[in-house]
Amino acid sequence: MLTISKENIDQIAAFAENSFPHECCGILFGSVAEQQKIVREIMSVTNSCGNNERMYHFEITPEQMLRAEKYAVKNGLDIVGFYHSHPGFAAIPSDYDLHCAFPVYSYIIASVIEGKTLEVRSWTINIASKLFAPEKIIYN
Amino acid sequence: MAVKVYIPTTLRIFTNQRSEINLDGDTVGQIIETLADEYPEIKKALYDDDKKTLRSFINIFLGDDNIKNLDGYQTPVKDGDEIMLIPAIAGGSPLESILGEVKGEKLSNDEIMRYSRHLLLKEVGIKGQKKLKAAKVLIVGLGGLGAPLAQYLAAAGVGTIGLIDYDEVEESNLQRQVIHGTRDIGRPKVASAKDSIKQINPLVKVETYNMPLNAENAVDLIGKYDVVADASDNYQTRYLVNDTCVLLGKPDVFGAMYQFEGQATVYYAKEGPCYRCLYPAPPPKGLVPSCAMGGVVGVLPGIIGTIQANEVIKLIVGGGEPLVGRLWMFDAWHMRLKDLKICKDPNCPVCGENPTITEVEDYDYDGFCGVAQEQDEEEPVEGIEAKELKRRLDNGEKITIIDVREPHERAIVRFLDAKAIPIGQLGRRQDELDPNVDTVFVCKEGKRSILAVNTLREEGYKGPMYNLKDGINAWAREVDPSMPEY
């Protein structure tokens, strides 16, 4: 279960539209306890893939991740997950998403069709099956 | 030295939810080992299956520096240092069109009518059809696989289709190469195929190359196209197409078949394995017979070639689940299908981490595939022309003729009063040959008969042996036109 504000979801939808036809990506900060994740703030990050590849992949550099982890430590937050967009495709994790996924984190995906964000969903890895399972979003 | 290690959220399931752990050690390696000793479960997440190499998707930072840029595990630490374990974060949508965004293409009313069944599919639609119109596809080989590929891609509205083949249409092609007709016998395959494509869809631009694809022209030719469909029938061409596609970053939509079995996949090094990842070297020459030697059921290339056409269309339109990293294997006789996962080889000489093949121009494809050394390695086999054999038989010379063909082939056409001995039995039946008499071995086209002579030589037979050059087919052409060729 992922608790997040409506404003944050709207921001993610707007980032996704502004980046179209490229994928956007960013980091979710908050707290994790007993399967409950709460998002306190989100950070938009530059997609470090090349110009063409950005249309169907995203990557966050290790240096960006280091800065994010330090920011989290300094502000008493945890990294609880990430978001990215699927330009032209559904808000369902791709095989590549699964290949790159880590347990615990929430993976929010925004589906952008013809420049408009139509759907935002969250997913997390089921540790037993090692597959993505949909994660319920609760607005606070 | 006391060092503080920060654990990312995802790894805290292994550290009893602790986010910061103080550990002692002199180097980064020692600290990580101590961590793994205290929390053994974390090893699964940190190390590869060999339990030594750190997984590539975890980066270790000492202060602000990635230890990859320092001395790795050997990097010394001092009191008060901080180590952060940082997961590598990436992902993406399903494979987009290999064409990216297409601008400036328009569909006329005639085109909208012609392609309406595509336009009704939301997965293709106007956007996908414009991509097909903008796309350039090269088909290598206009035989059994190339025929349906060319027909369906033309019908689908692929804007530019390149055709490369240096063969002419033969009667024995028509059982499966449905793009050619009876009246095309003797014409270059590319010319015959171009006519058929124009008949199906005059809107398609067709570029023909009546020449072999070789290491000199491959980069120029393949460079002009967005995707290559490999419908060739030999290993040199397959390796050449693969290597050129890897080096130019293009997908190679592959198909192959033999008798009743076929396979198809998409070799696309950007996204998955290439042909060399799967087959580092071709099989020894002569081990795998060609369709001309072993036969093929005529429908099979139709099935495999249309699978290839479908993959080409998906790559152009984008989306779906392409056969990248998957090998699709089909058995038409038992009607079985397998869909195998295939993996990239990090040590692949062309698409791996340290490639040794970086250009194709100077690569000896014939040598690599054993074509050039064929004559050097084996003692040459003495051949006899069909007409010369006829002359000697007419002179009443005593000659033993051995037919090494399979029983079902002998049922197609008998050869004189030849004695039938399959190659597998030659060794143990050599007593049936008279070493004082010339023995001539015959088969369909004079290749298996060479193998027969070499086999008997290895078995120690000392009598004089000859190979009927170009086989029974040559006899039918040059000596006895009443006999069929097959």
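Student: Which residue stands opposite B:Asp403 in β18(B)?

Tutor: B:Val442 stands opposite B:Asp403 in that strand. This is a predicted model, in which local features need pLDDT of at least 70, side-chain atom pairs count only at pLDDT 80 or more, and totals for chains, interfaces and linings use all residues. Residues are numbered from 1 along each chain as its sequence is written, chains are lettered from A and ligands numbered from 1 in the order in which they are written, and side-chain values use heavy atoms, with hydrogens and water left out.

Student: Why do β16 and β18 of chain B count as paired strands?

Tutor: Two strands pair if DSSP finds at least two bridges between them. The strands themselves are DSSP runs (E, at least two residues), while helices are runs of H or I with at least four residues, numbered from the N terminus.

Student: What is the strand order of the open sheet with parallel pairing in chain B?

Tutor: The 5 strands follow the order β15-β19-β18-β16-β17. Strands β15 (383-384) and β17 (419-420) of chain B are called edge strands, as each pairs on one side only. Helix α17 (residues 448-458) of chain B packs on this sheet and touches β18 and β19 (465-468) of chain B. The direction of α17 makes about 165° with that of β19(B); such angles run from 0 to 180 degrees between N-to-C directions, with axes fitted to C-alpha atoms, for helices over the stretch in contact. Contact means heavy atoms within 4.5 Å.

Student: What makes the pairing of B:Lys390 and B:Asp394 a salt bridge?

Tutor: The term requires a side-chain nitrogen of Lys or Arg within 4 Å of a carboxyl oxygen of Asp or Glu. For B:Lys390 and B:Asp394 the N to O value is 3.4 Å, and the pair therefore qualifies. Being 4 residues apart in helix α15 (residues 386-394) of chain B, these two residues are separated by about one helical turn. Over all chains, the structure holds 27 salt bridges.

Student: How many residues does each chain bring to the contact between chain B and chain A?

Tutor: Chain B brings 31 residues and chain A brings 33 residues. The area buried between them is about 2900 Å², with 66% from carbon and sulfur atoms. In chain B, the residues that lose the most area to chain A are B:Thr9, B:Ile89 and B:Ser93, together 22% of what that side buries. Buried area is the accessible area (1.4 Å probe) lost by two parts on being put together, summed over both.

Student: What joins strand β4 of chain A to β6(B)?

Tutor: Strand β4 (residues 57-60) of chain A and β6(B) are joined by 4 bridges and run antiparallel, which means that they meet the rule for a pair. Within β6(B), B:Ala90 stands opposite A:Glu59.

Student: What is the order of strands in the open sheet with mixed pairing in chain B?

Tutor: The order of its 5 strands is β2-β1-β5-β3-β4. The edge strands are β2 (20-24) and β4 (65-66) of chain B. Strand β1 (residues 2-6) of chain B and β5(B) run parallel and are joined by 3 bridges; B:Met84 in β5(B) is the bridge partner of B:Tyr6. Helix α2 (residues 62-74) of chain A packs on this sheet, touching β1, β2, β3, β4 and β5 of chain B, and its direction makes about 120° with that of β5(B). Helix α1 (residues 28-38) of chain B lies across β1, β2, β3 and β5 of chain B, at about 115° to β2(B).

Student: Which peptide bond is cis, with omega near 5°?

Tutor: The bond from A:Phe20 to A:Pro21 is cis. A:Pro21 is found in the loop between α1 (6-19) and β2 (25-33) of chain A.
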